[in-house]
Amino acid sequence: MASCLSGCGVNVRRAEIAEPPTPPPESRRVPVRFGELQAKLRRGDVIGGYVIGFTCIGPFDPITWTSGRAMMDRAEVADLFHEEMSTAGYDVAGNPNRLFEVAEDEERAELVVSAQITDVKMNVCRKMGLWLVQSDIVGEEVEASIKVDWTVYSRLERRMVLRTSTWGYHAGGAATEDGKALAMEQAFAGAVANLAADPRFAAAGFAAPDAGSTMPALETGGGIGGGIGGAGPAGVVPDGAARLQAVRLAALPPFTTPIQDHVDAVTGATVLVSGGSGHGSGVLVSRDGLLLTNHHVVGEAERVRVVLADGTAVVGKVERRHKPRDVALVRIEGRGLPALPVRTRPLTVSEDVYVVGAPLAERMRGTVTRGIVSAMRRDRLTGLEEIQADASVQGGNSGGPLVDAQGNLAGLTVSMRTVPGSQASAGLNFFIPIGDALDRLRLQVGGPEIGD
């Protein structure tokens, strides 16, 4: 790049690309994804200079920010973010090269990185020959610099964990509209690379290794998680649970009196689970922190946010999942936690049942509704058994407990039918039998608590 281009146009800042970090040995790569893109620039702000002539000395015509926040395409920027961060060794969720389930992959992200462009500078020169005609171009020079303010948000902690700024610089390309756009995009890529090299960002992106799980993970392929807020499983998939070691849950004394005598114990064992873009519910089944919820609540996340009945928020680790049955097992730290006894015999039609969960909004956690068992059905796509009941459920109830008239755990909320043309419940709600949920996750009731 000729020195007069920088000296005679606007002041473009040259920024070197820092070396990417070396992850600490045995560190855990925390899944990250790109969030929002904004520009703190106003339409008409002068961001550079453009000259056509025999030399690049000027005078320069102004280049202005012409399209507000839309001047840089978010999709292109997200692709650049994925490429640069992946090259630097980070685990980037939402791979744009995936043909299917991109949104599902994004949901496993624990950190969301958003960008605000606060400074753009660009100089463009098109050198002409002695005759100064379009066909007599002898050289083109383009350079651009971008300053990006970054915010890094933890979805598990629900707070900003880092704010920082980086610069990016690019020189080269054609003095055309496409060339100017490419120069800005490549300068942005440089700013991403410098964020990846920031030690504070690296500390968030490469976490300390886990202490270790007490049980192997369960993975079964195929299907698309369903239930409230999502489509149902796409088909019957071979069950991989048979390959997994069985784990015993301690048998808790069953409730024998009406639920009204100990409703606080039932609601106390019900938790709120945040994974992906929304929230669902869950239920503790062991006093040492094992809880059940739906697969479509946790998605592909390794960790989720769990809120206990007393409002305490903790991080839960997804230990096992079974996508076709739409169930997942999550572990939280703790001992002596409230947990529900499991009912071992099936429900019968016309029995009274109760549903506990957080319908629609997180602040509604602990909501109890009542109904009866309406029928026993089989899902028409998967052939799996479901309990139909008319106890009211809404989005956010997913994964929460269905209990019998005494408060013993009999099933997990999984889906609802709505009135055609509206979001209103049709009173046709479906639940996973608890026995089948435990079988799919290879959990057995009876024996000492895990870890005892």
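Helix α2 has 14 residues and spans 20 Å from its first C-alpha to its last. This is close to the 20 Å expected at 1.5 Å a residue, where the expected span is 1.5 Å times one less than the number of residues. Helices are DSSP runs (H or I, at least four residues) and strands are E runs of at least two, numbered from the N terminus. The model is predicted: local features need pLDDT of at least 70 and side-chain atom pairs count only at pLDDT 80 or more, while totals for chains, interfaces and linings use all residues. Residues are numbered from 1 along each chain as its sequence is written, and side-chain values use heavy atoms, with hydrogens and water left out.

In α2, the buried residues are V77, A78, L80, F81, H82 and M85. Buried means under 20% relative accessible area, exposed over 50%, and partly exposed in between (1.4 Å probe, protein chains only). Just after α2, G89 takes a positive phi of about 100°.

Helix α4 has 20 residues and reaches 29 Å from first to last C-alpha, close to the 28 Å expected at 1.5 Å a residue. It is mostly covered, with 14 of its 20 residues buried.

The axes of α2 (residues 74-87) and α4 (residues 177-196) come within 9 Å and cross at roughly 40°. α2 is therefore oblique to α4. Angles under 35 degrees count as roughly parallel, over 145 as roughly antiparallel, 65 to 115 as roughly perpendicular, and the rest as oblique. Axes are lines fitted to C-alpha atoms, for helices over the stretch in contact, and angles run from 0 to 180 degrees between N-to-C directions. The crossing of α2 and α4 is right-handed, meaning that the near helix is turned clockwise from the far one by less than a right angle.

Contact means heavy atoms within 4.5 Å. From α2, E76, V77, L80, F81, E84 and M85 meet E185, Q186, F188, A189, V192, A193, L195 and A196 of α4. By class, this contact has 10 nonpolar, one polar and three charged residues.

A187 also lies in α4. A187 is buried, at a relative accessible area of 0%. Beyond its neighbours within four places in sequence, A187 contacts A144, S145, I146, G168, Y169 and H170. A187 and R14 are 173 residues apart in sequence, yet 9.8 Å apart in space, C-alpha to C-alpha.

H262 lies in the loop between β9 (247-249) and α6 (263-268). H262 counts as buried at 14% relative accessibility.

Notes:
Nonpolar A, V, L, I, M, F, W, Y, C, P; charged D, E, K, R; others polar.
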